[in-house]
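Subject: Structure handover

Hi,

Here is the structure I promised to pass on to you. Please have it open while you read the notes below.

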Amino acid sequence: MEKLSRPTPVPVKREVLVAVTHSGICHSDLHVIEGSYDLGSRGSLDLAKRGLKLPLIPGHEVVGKIVSWGPEADSEDLTVGDTRLVFPWIGCGECPRCRADEQNLCLSTRPMGLASDGGYSTHVLVSDPKYLLDIDGLDPAVAATYACSGVTVFGAIRKLMPLDPEDVIVVIGAGGLGLNAISLLRALGHEWICAVDSGQAKLDAALAQGASRVVLADGNCASTVAKISEACGGRVLSIIDTVNASATAEFAFDALSKGGKLILVGLFGGELKLPLPLMPAKAATLQGSYVGGLAELREVVALAKRGLMPNIPVTPCALDDVNQALGDLRGGKVIGRMVMVIGDDGVAPRPR
Ligand SMILES: [Zn+2]
Ligand SMILES: [Zn+2]
């Protein structure tokens, strides 16, 4: 990734210019930079064919301060200097999905940092004031992560509901998504949460976040399934796979009990080969879940404002260190989320 210098954009129509103070580094940014997703035996999904045009500024977990706005936003309740969380999953604004604030399901979506310039930058241009959320009282570095990892797992959790608080829920992956899933499940009153990861340090973070059980995935499907069954008192009804790689989806499917539901949210890539008779035999449900809508992000922020969501660990870094930070993320070295602190208003970045 290279540094670009551009004139600061001038907002028109209903646009709002925001000076970025915090910008989360998400695993899917690695896919944007690599330009593709792994489709297993079907090859790869080329993001250039899906509308990704270079040069592009990545970054979709953005908090910043309002700088200025276009004339058509004059009637909105905007104040220069106010801190806002940016909803990045911008839709066309006109289709039934967008009108229902389910922009993540819009067929003409233009997500920030994927189809338009994002938050690895000093400024972002937001297309409408309604995409700015008040996060008064929240740690802005943690709130930034709600725009992707928070709302993504919230959407996944909703697909498992209704569940009783004492029902077992397995969360695969204890990165930014997984830790926010544990935080949200705790906020929603769930206490029986089993985290699965291949790294012990990430499992320690999961326990600190509020997981009640942890399982170290060992690369072998059968023995990982046996460990999950042992930790959870048998096969399970509810699993969220925040990694969604060939290996995790395989053991997740095998760990499902009859009538179980597996929600696939990660974009790690690969494929799942299913013995077809097992789908009816297990009466299994496999469901994908892609980020979340504006209404869902508002719900996540409301839960956090009520003090119900324990903060996930955040490591600050500087904008100039982003390539090294991405390397650490690729190498699985990051606990929680790495969040860039940008401009004069953030906390001074820790020396690396
Ligand atoms: Zn739309
Ligand atoms: Zn993301």
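First, the ground rules. This is a predicted model, in which local features need pLDDT of at least 70 and side-chain atom pairs count only at pLDDT 80 or more, while totals for chains, interfaces and linings use all residues. Residues are numbered from 1 along each chain as its sequence is written, and chains are lettered from A and ligands numbered from 1 in the order in which they are written. Helices (H or I, at least four residues) and strands (E, at least two) are DSSP runs, numbered from the N terminus.

Let me start with the sheet. It is open and has 6 strands, in the order β10-β9-β8-β11-β12-β13, with parallel pairing; two strands pair if DSSP finds at least two bridges between them. The edges are β10 (213–216) and β13 (285–288), each with a single partner strand, so one side of each has no neighbour in the sheet. On average, neighbouring strands of this sheet are turned by 20° against each other, direction ignored. Axes here are lines fitted to C-alpha atoms, for helices over the stretch in contact, and angles run from 0 to 180 degrees between N-to-C directions.

Within that sheet, β11 (residues 236–241) and β12 (residues 256–264) run parallel and are joined by 5 bridges. S238 stands opposite K261 in β12. Helix α7 (residues 246–255) lies across β8 (169–172), β11 and β12, and runs at about 165° to β11.

Helix α7 also packs with α6 (residues 221–232), at an angle of about 50° and with their axes 9 Å apart. That makes α6 oblique to α7: angles under 35 degrees count as roughly parallel, over 145 as roughly antiparallel, 65 to 115 as roughly perpendicular and the rest as oblique. α6 passes α7 in a right-handed crossing (right-handed if the near helix is turned clockwise from the far one by less than a right angle, left-handed if anticlockwise). On the α6 side C221, T224, V225, I228 and S229 meet E250, F251, D254 and A255 of α7, where contact means C-beta atoms, placed from the backbone, within 7 Å. These residues divide into 5 nonpolar, 2 polar and 2 charged. Ala, Val, Leu, Ile, Met, Phe, Trp, Tyr, Cys and Pro count as nonpolar, Asp, Glu, Lys and Arg as charged, and the others, Gly among them, as polar.

Next come α4 (residues 176–187) and α5 (residues 200–209), which pack at about 20° with their axes 9 Å apart. The two are therefore roughly parallel, and α4 passes α5 in a right-handed crossing. G178, L179, I182 and S183 in α4 meet A205, A206 and Q209 in α5. That contact has 4 nonpolar, 3 polar and no charged residues.

Finally, E166 sits in the loop between α3 (140–160) and β8. E166 is exposed, with 9 other C-beta atoms within 10 Å (12 or fewer is exposed, 20 or more buried, and in between partly exposed). Leaving aside neighbours within four places in sequence, E166 is in contact with E191 and W192. E166 and I193 are 27 residues apart in sequence and 9.2 Å apart in space, C-alpha to C-alpha.

Best wishes

Note on methods
Contact = placed C-beta atoms within 7 Å.
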